[in-house]
Amino acid sequence: MIEFKLPELGEGIESGQVIEVFVSPGDRVTLEQPLLEVETDKAAVEIPSPADGTIVDVCVSAGDTVEISQVLVRMNGDDGGREPPEDAPAAEEEEKPAAAQAPLPEKEPEEEKKQTPPPESATADDIAPPGPLGVAAAPSVRRLARELGVELSSVSGTGPRGRILERDVKAHAKAIIKSASSAQPAAPEEPGLPDFSRWGETVTESFSTVRKLTAERLSQAWAAPHVTQFDKADATRLEDLRKINRDKVSEAGGNLTVTAILVKALSRALLEFPKFNSSIHMGSRTIVYKKYINIGVAVDTERGLLVPVIRDVDKKDITQISVELTEISSAAREKKLSPDRLKGGSFTITNLGGIGGTFFTPILNPPEVAILGVSRSSFEPAYVDGEFVPKFMLPLSLSYDHRIIDGAEAARFLRWLCEMLERSPESIFEGV
């Protein structure tokens with residue numbers, strides 16, 4: 001009998017909500033066949049079967065909240081029902097000689113007090129390395145412990161003879177984080193709502209997973225003091241070039257939108273103004289400057305707002321950006337985004353121009369320190385050389401964290417971006 005549990009779906013993901021269950025008891029399934037769909041960390045993920053077999057019991061239902069390692073289904077596998085090991089050995093352990101992989105025999109109680117020398121076939125990883133406490137752990141486990149700031153001597157090992165495994169270090173780190181979180185003072189209790197039903201009929205529903213995460217992140221973002229800077233770019237020439245090049249980009253599978261153009265333009269602006277590509281930590285009073293430029297693009301979906309990330313935009317041309325933007329936007333709306341595509345952003349852009357409006361004040365996407373809002377372009381009269389001429393103006397709204405970015409810096413950043421779009425738009429289309 002195989003008890004198939006919810007696997008780890010990404011760093012920092014502890015739980016998710018079951019959206020749909022695809023199987024029932026008695027169903028035959030094959031390896032990698034989707035069993036159910038779980039929504040977590042702003043992504044819907046299909047959970048595949050670990051083997052060929054027959055479903056015996058389905059332990060969850062649509063709408064349930066499930067946690068990592070919670071049993072999802074029980075099934076009989078075609079290989080005789082052998083359950084896969086809970087913790088597969090690390091790659092470096094798989095390469096050891098067979099003798100080193102064999103389980104160590106249990107000692108008799110009277111022998112436990114004796115010091116038995118390790119067998120000649122044992123490798124260095126199987127022997128507790130010299131140290132004040134003689135902790136037994138592989139080099140990769142020690143490296144992981146250093147990266148997470150975990151003291152190995154405080155970790156209980158679950159491997160043979162108390163050997164510390166990677167899962168032990170991760171579990172210990174999670175326990176420390178949870179303990180620290182619970183020790184923090186509780187937030188003020190939110191006042192209750194009045195009884196609205198006194199004035200008419202009402203309907204109450206729970207947050208969806210996406211809405212819950214969005215609300216939590218925006219509450220976190222509001223802790224940073226926001227300021228928004230507004231400006232307009234003369235996009236007349238830019239729009240002409242977009243129309244000239246859009247067919248070539250379309251042939252490559254992309255859609256040459258204003259968003260794609262601004263993603264490319266922002267990659268250059270962030271190189272010029274690295275502070276806008278940073279994050280701050282108030283506890284340690286430090287600034288982290290990122291040497292990479294990964295731009296998140298807000299996508300409106302039926303489940304709420306998702307922000308997939310285009311990585312290394314400074315190393316991609318406008319065609320590559322347009323193709324990738326088309327792909328991730330479709331994946332977001334079709335619930336096919338992997339959790340990894342929603343991580344690693346260093347700056348965000350949100351475009352409401354397709355809906356309408358002139359300016360708005362976008363909210364930061366923490367731990368980023370700035371976000372660019374885009375509104376609908378329109379023709380406006382401009383007074384040039386003694387007469388009014390039509391100009392295609394693009395409204396831009398830049399919100400920034402005032403703890404790290406001053407108003408003058410924000411004004412210079414936004415003006416630099418506008419002038420690049422006005423004076424050298426041709427450079428954006430290099431490589432089309």
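The side chain of Ser279 makes a polar contact with the side chain of Lys290, at 2.6 Å. A polar contact here is a pair of N or O atoms within 3.5 Å; within protein, one must be able to donate a hydrogen and the other to accept it, and residues adjacent in sequence count only if both atoms are side-chain atoms. This is a predicted model: local features need pLDDT of at least 70, side-chain atom pairs count only at pLDDT 80 or more, and totals for chains, interfaces and linings use all residues. Residues are numbered from 1 along each chain as its sequence is written, and side-chain values use heavy atoms, with hydrogens and water left out.

Ser279 sits in strand β10, residues 278–281. Strands (E, at least two residues) and helices (H or I, at least four) are DSSP runs, numbered from the N terminus. Ser279 counts as buried because its relative accessibility is 8%. The cut-offs are under 20% relative accessible area for buried, over 50% for exposed, and partly exposed in between (1.4 Å probe, protein chains only). Beyond its neighbours within four places in sequence, Ser279 is in contact with Thr286, Ile287, Val288, Lys290, Pro367, Glu368 and Val369. Contact means heavy atoms within 4.5 Å.

Now the charged pairs. Side chains of opposite charge can pair when their charged atoms come close. The structure holds 15 salt bridges. Each is a side-chain nitrogen of Lys or Arg within 4 Å of a carboxyl oxygen of Asp or Glu.

| Salt bridge | N to O distance |
|---|---|
| Lys232 and Glu380 | 2.8 Å |
| Glu409 and Lys275 | 3.0 Å |
| Asp340 and Arg311 | 3.7 Å |

Lys232 and Glu380 form a salt bridge. Lys232 lies in strand β9 (residues 226–234) and Glu380 in strand β18 (residues 378–384), so the pair ties together parts 148 residues apart in sequence. Lys232 is partly exposed at 27% relative accessibility. Glu380 is partly exposed too, at 25%.

Glu409 pairs with Lys275. Glu409 belongs to helix α9 (residues 407–423) and Lys275 to the loop between α7 (258–272) and β10, so this bridge joins parts 134 residues apart in sequence. Glu409 is partly exposed at 22%. Lys275 is partly exposed at 22%.

Asp340 pairs with Arg311. Asp340 is in the loop between α8 (318–333) and β16 (347–351), while Arg311 is in the loop between β15 (309–310) and α8; the two are 29 residues apart. Asp340 is partly exposed at 45%, and Arg311 is partly exposed at 26%.

Salt bridges also form a network, which links Asp231, Arg415, Glu419 and Arg423.
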